[in-house]
Amino acid sequence: MKQNHKKHPLETTLVILLFVFVAITLSCMLLFRKALTNSIVTNSYQSNRVKSHYVFIGNDYTNPFMEQLYQGIRASAEKKEVSVEYFGRTLSQSYTVAQLIDTASKAKVDGIFVVGDESGEVKEAINRAVEANIPVITVFQDCGMSKRQCFVGVNSYDLGRQYAKKLCSLGEKSNKNVYLLINAAQENSGKNSVYLGMKEYLEKEGITGRIQLHDLAIQSKTEFTSDELIRELILDKSKNPDIIICLNSIDTTCAYQAIVDYNKVGQIQILGWGNTDSILTALDKELISATIFTDAALIGSQCIQSMLEYKREGYVSQYIPITTTTIDSTNIKEYLGDERR
C-alpha cells in the first residue's frame, strides 16, 4: 500500500526561510565585494595620483619670518593638492643656499621656491636648475640677474622709501646718525636698493644735511653674531648711532634688547622689521619706534599661484609685488592680542 508523504507546514516554512537567507547572504556578499572593489580602486587612484613636489629654501633657519614664509606657501599648496618641503632644515650639516638649490635639482623636484640674493653662487645655482627644466621662483628677496621664472616679494627700493618716510615722521630737528643694518650676503645687492631708496627720498625731502645715513654689514646670519655686532655698534663712540634700521626680525629683536641692556632707551631709536609677538610687545612698550612687515600668507598664495600658472601656461609675470604694512604707536593696539589691548 502506497504511503503519502506530505510535507509538514513547518518544514516547508523552514525551507523557504533557508532559501531567503541564502539569497540575502549572497546579495550581501556581492554588494560587499562591489563596495570593496570600488574602495580599492579609489584608494589605488588616490595613492597613485601624481603629486607635484616642490621645495622651499630659506636663507636663515633661525629667522622666524622664514618659517612664516614656508607655512604660507605650504598652506596654499595643500589647497591645490601639491606638497612643499622646507628643504635642508632637518639636515645635520649646514649647507649654503646655492648647495641646497643644486641638491634639490639633482633630486628632480618639480619646482623650487628660494629666498634669493644677488651672489654669483646663488645665481649660477638657479641657472643650473632652470636649465634642468626645474622652475625657480625667488621669494621675498630676489636674484634678478638669474634665469628665475618669477620674483614674489617686496620691492627693495620702495621699502627704502617707506623707511625714509617713517624716519622723517619721527619729527627730529637735530642732526642724526642713522645706521641701516645689511646682511653681508646681501651687500651690494637688493639691500643696497633699500639704501638707495632711502637716500633718494631724503634728498627729495631736502634733509640729507641733518641725517647722516650709513650702511653696516652684519657678517653672519646667526642671532649670536648679530647681537654681538649690534652691541658693538651701540657702544662704539665713534659711530654714536641715534637711529638703527633693521631689515629682519632677528636684528630687530637684538637691537631693542641691546638698548635695554645698555640703558639707551629714549637715546637710540629703532625702526624694525617683522610682526612677531616679541616685536609687537617691544613696540607697545616704546622700545621700537615702528616696524614694517608683509603678509606671509599672501606671499605663499602668490608663490603657488605663480608656479602653477607657469606649469600650465609655460610663462608667468617676472615680478609679483607684495604690499607692506607699517605699525607704530598710532595703530599698535590693532595688532596686539585682546588681552593686551
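What follows is a chat about the labels and the values behind them.

Guide: Before we start, keep in mind that this is a predicted model. The chain has ten helices and twelve strands, and 43% of its 341 residues count as buried.

Visitor: What makes Glu67 and Arg89 a salt bridge?

Guide: The N to O distance between their side chains is 2.5 Å. The cut-off is 4 Å from a side-chain nitrogen of Lys or Arg to a carboxyl oxygen of Asp or Glu, so the pair qualifies. It's one of twelve salt bridges in the structure.

Visitor: Which parts of the chain does the Glu67 and Arg89 pair link?

Guide: Distant ones: Glu67 sits in helix H2 (residues 64–79), and Arg89 in the loop between strand E2 (83–86) and helix H3 (97–106). The two are 22 residues apart.

Visitor: Why are Glu67 and Arg89 called partly exposed?

Guide: Buried means under 20% relative accessible area and exposed means over 50%. Glu67 comes in at 27%, so it counts as partly exposed. Arg89, at 36%, also falls between those limits and is therefore partly exposed.

Visitor: How do you know that Glu131 and Lys147 form a salt bridge?

Guide: Same test: their side chains come to 2.8 Å, N to O, and the limit is 4 Å, so they pass. Glu131 is in helix H4 (residues 120–131), while Lys147 is in the loop between strand E4 (136–140) and strand E5 (150–153), 16 residues away.

Visitor: On to the nonpolar side. Which residues touch the most other members of the largest core?

Guide: Phe56, Leu69, Val84, Phe113, Tyr163 and Ile245, in a core of 49 residues. H2 gives the most to this core, with six residues. Tyr163 has contacts that include Met198, Ile245, Leu271, Trp273 and Ile292. A second, separate core has 26 residues, including Ile250, Tyr256, Ile270 and Ile327.

Visitor: How do you know that the buried residues of H3 are on the same side?

Guide: Val97, Ala98, Leu100, Ile101, Ala104 and Ser105 are the buried ones in H3. They cover an arc of only 165° around the axis, so they sit on the same side of H3. As a rule, an α-helix has 3.6 residues a turn, so residues three or four places apart point the same way.

Visitor: What covers those buried residues of H3?

Guide: The cover includes strand E1 (53–57), strand E3 (111–114) and H4.

Visitor: Why are H3 and H4 called roughly parallel?

Guide: Their axes come within 8 Å and cross at roughly 10°. Angles under 35 degrees count as roughly parallel, so H3 and H4 get that label. In the contact between them, Val97, Ala98, Ile101, Asp102 and Ser105 of H3 meet Glu121, Val122, Ala125, Ile126, Arg128 and Ala129 of H4.

Visitor: What is the phi of Asn263, and what makes Asn263 exposed?

Guide: Phi is near 55°, a positive value in a residue other than glycine. Asn263 is found in the loop between helix H8 (249–261) and strand E9 (269–273). Its relative accessible area is 61%, over the 50% limit, so Asn263 is exposed.

Visitor: And where is Glu286, and why is Glu286 called exposed?

Guide: Glu286 lies in the loop between helix H9 (277–284) and strand E10 (290–294). At 65% relative accessible area, Glu286 is over 50% and therefore exposed. Its phi is positive too, about 65°, although Glu286 is not a glycine. Lys108, which follows H3, has a positive phi near 55°.

How values were computed
Residues numbered from 1 in each chain as written. Predicted model: local features only at pLDDT ≥ 70, side-chain atom pairs only at ≥ 80, totals over all residues. Heavy atoms only, no water. Helix = DSSP H or I, 4+ residues; strand = E, 2+ residues; numbered from the N terminus. Buried < 20%, exposed > 50% of the residue type's maximum accessible area, 1.4 Å probe, protein only. Core = buried A, V, L, I, M, F, W, Y, C linked by side-chain atoms within 4.5 Å. Contact = heavy atoms within 4.5 Å. Arc of directions from axis to C-beta. Axes fitted to C-alpha atoms, helices over the stretch in contact; angles between N-to-C directions. Parallel < 35°, antiparallel > 145°, perpendicular 65-115°, else oblique.
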